[in-house]
Amino acid sequence: MTQVATPQSLPPDMDGLELAYNGREYKAERRGDKFFLRTRTEGGSYGELQQVVIVTGSHNLQILWLETGQGRTLQQFPFGYIVAEKMWAPVNDTFLLPSNMKEYYSTGAWNGACMDCHVTQGQSRFISGFKWDSQVAEFGIACEACHSEGREHIERNRNPLRRFKIHLTTRSDSTVTNPANLKGPESGLTCGQCHSVWAFNDMTDKIDFNRHGAAFRPGAGDLSQRFVIQPNAPDHPEQKDFIRRTEPDFFHNRFWGDGMIRVTGREFNGVQASPCFRGGEFSCISCHEMHLDSPGQTDAKTWARTDQLRPKMDSDFACLQCHKDISSRLVAHTHHPAESSGSRCYNCHMPRTTYGLLHAMRSHQVSSPNVQESIAYGRPNACNLCHLDQTLAWAAQNLHAWYNQPVPELSEDDRMIAAAVQWILKGDAGQRALIAWGMGWESAQKVAGRDWLYPYLIYTLTDSYAAVRFDAWESLRTLPGFSDFSFIYTAPDQTLGEAATRAYEKWLREVRNVNAVYRQETAIDSDGRIHRDVFQRLRSARDEKPIFLAE
Amino acid sequence: MADRNLRFGWWSLLVFLSLGAVLEALHGFKIGWYIDVGNDTRRLMFTLAHAHGTLLALVNIVAGLSVRIVERFTLRSSVSFALIWAAILLPAGFFLGGIVIYDGDPGLGVWLVPVGAALLFYSIARIAFDLSRRK
């Protein structure tokens with residue numbers, strides 16, 4: 001969502017804020033209820049005041065937008081505020097992207113991209129160069145975003161007799177769309193108009209969207225000027241080919257090799273590709289709700305913090321509301337003790353294989369774990385995301401024994417070295433981020449142990465991707481002895497190296513249990529060091545292809 | 001006639017002050033049926049029932065006392081009747097309207113409110129006229 005910048009909507013302590021990045025220094029000051037920024041290059045003098053006019057995001061990350069003096073064109077303040085950590089960081093370092101992509105989002109980015117979804121019925125209205133004349137219906141994601149146009153609804157329902165006629169009969173109000181009354185695909189598309197990876201049908205539709213905003217209205221069966229991209233589906237072949245030609249990394253930066261979405265904020269791609277979706281009833285509101293009107297719903301703050309779920313939907317009940325028979329044979333189905341994390345539906349069928357906002361998030365493509373997905377596409381499977389200390393071979397054998405899944409062809413490393421070790425040392429930045437985050441997951445730590453995680457997380461503090469370093473730091477702080485470990489994940493390389501050395505020495509001298517026995521699969525020797533040959537081999541085989549998870 | 005309004009007023013005051021204590025308890029124990037975000041219409045209706053019930057109880061008491069204090073002033077039978085029923089129907093309408101709610105609308109019971117309001121309007125207007133015309 002987007003809000004007008006006010007003392008209430010902006011991060012705290014803005015007045016007097018001073019930050020520096022990429023050779024420029026920024027200074028904020030408050031005048032009444034308005035905030036302004038001055039910028040100067042290092043050694044120069046501060047320039048004109050620029051007012052902070054709007055702020056995007058509220059729960060996780062806040063990004064500020066400044067006036068430019070060019071009509072409604074906005075410029076990004078290059079620092080974002082990470083709400084949970086109460087810290088400022090360069091916006092580039094709050095996304096998973098290569099460090100050489102400086103100031104990826106800049107002047108006009110809000111007009112040209114962000115406002116497509118962070119407002120209600122935005123019209124970006126590009127003029128020329130860096131000039132826009134953007135307009136919105138409302139800054140927040142308001143009623144009409146999900147319930148369609150409201151004018152007729154409001155006018156006709158001024159009459160109380162009409163309202164009570166609707167209340168006292170089973171008739172639904174024909175003047176408004178209620179996603180709760182729609183079939184699954186249409187209901188899901190209401191959310192999916194934004195929460196999906198989409199593209200324009202053609203240039204005409206793109207221009208129309210730019211001038212007049214989205215033609216899609218909730219209740220419709222497709223996005224009108226746009227379509228939801230499922231990479232491996234047969235629809236829109238020309239448009240997908242065009243994307244492949246003009247933006248070769250488009251799919252790689254958003255999807256796993258089998259077409260499963262790997263970035264957060266685009267959950268409808270996953271929902272649409274789920275087997276549950278084919279039943280015609282399953283949609284986003286099977287588990288989430290946008291109004292707090294269910295009996296037993298918690299307070300607004302908790303609801304917002306817990307993914308806006310309906311009551312009890314953080315439990316197995318989410319799946320059992322349809323798959324009722326599983327509850328009576330839970331252990332036979334999961335092969336895990338009933339109360340263990342291995343018997344929780346989410347952990348196996350919606351593992352955390354999507355990434356964004358600096359953390360791993362559950363996949364919304366309901367699937368069953370298999371090792372082939374890890375070998376063919378590099379996607380961590382649910383078994384090894386919890387059993388971090390086990391190999392792919394171990395997972396494959398269990399899946400074969402329990403579910404008769406074929407055992408895929410495995411390499412020597414797949415049989416000898418824990419899958420998580422392989423991913424965090426030789427995986428691409430997206431895989432490393434998932435594992436760095438996963439090593440802080442309490443359920444995984446209980447199952448796989450904590451002692452052996454230190455060296456890997458400490459090493460990952462020097463990762464070349466800021467987002468990966470952030471997750472390694474977050475996970476390290478969940479381990480005994482490191483809860484108050486200070487670390488600036490956006491610091492220069494030399495400082496990062498010094499911090500990692502400090503962390504390693506702290507672990508070796510103060511924290512490490514000298515009697516700890518490390519499983520062979522973890523590739524940690526009895527002195528607490530990563531086996532040199534394993535480390536060098538896996539590290540040199542790292543997938544260094546630049547990746548930008550375009551959430 | 002005036003005694004009837006006086007008696008009714010004090011008993012009514014007792015009832016609606018007790019209702020106030022019940023509403024406080026619903027707040028105190030954080031009862032979701034009353035305080036959840038989606039139940040703000042119910043909260044408004046119950047608050048209005050409590051406020052109108054209490055206020056109209058006091059109006060009945062004042063009307064009863066006015067007959068005793070003001071010389072040559074009597075309460076017509078129809079006014080006494082209307083004042084009592086206004087003090088019943090108005091808060092009852094709000095209260096019943098809050099039991100079952102429809103999104104932003106109260107339940108059917110709220111239709112008692114305009115009836116009570118009409119009775120209240122008649123009785124107050126009649127008292128005002130009668131007080132002005134007394135010799």
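## Reading chain A and Val511(A)

Mentor: Let's start with contacts, meaning residue pairs whose C-beta atoms, placed from the backbone, lie within 7 Å. In chain A, looking at contacts between residues at least 6 apart in sequence, 57% join residues at least 24 apart. Keep in mind that this is a predicted model, where local features need pLDDT of at least 70, side-chain atom pairs count only at pLDDT 80 or more, and totals for chains, interfaces and linings use all residues. Residues are numbered from 1 along each chain as its sequence is written, with chains lettered from A and ligands numbered from 1 in the order in which they are written.

Trainee: Okay, how many helices and strands does chain A have?

Mentor: Those are DSSP runs numbered from the N terminus: helices are H or I, at least four residues, and strands are E, at least two. Chain A has 23 helices and 14 strands. Val511(A), for one, sits in helix 22, residues 493-511.

Trainee: Is Val511(A) buried, exposed or partly exposed, and why?

Mentor: You count other C-beta atoms, placed from the backbone, within 10 Å of the residue's own: 20 or more is buried, 12 or fewer exposed, in between partly exposed. Val511(A) is partly exposed because it has 14 such neighbours. Across the 551 residues of chain A, 38% are buried.

Trainee: Which residues does Val511(A) contact, leaving aside neighbours within four places in sequence?

Mentor: Pro480(A), Gly481(A) and Lys506(A). As for Lys426(A), 85 residues away along the chain, its C-alpha is 27 Å from that of Val511(A).

Trainee: And how many residues does each chain bring to the contact between A and B?

Mentor: Chain B gives 6 residues and chain A gives 8.

Key. Contact = placed C-beta atoms within 7 Å.
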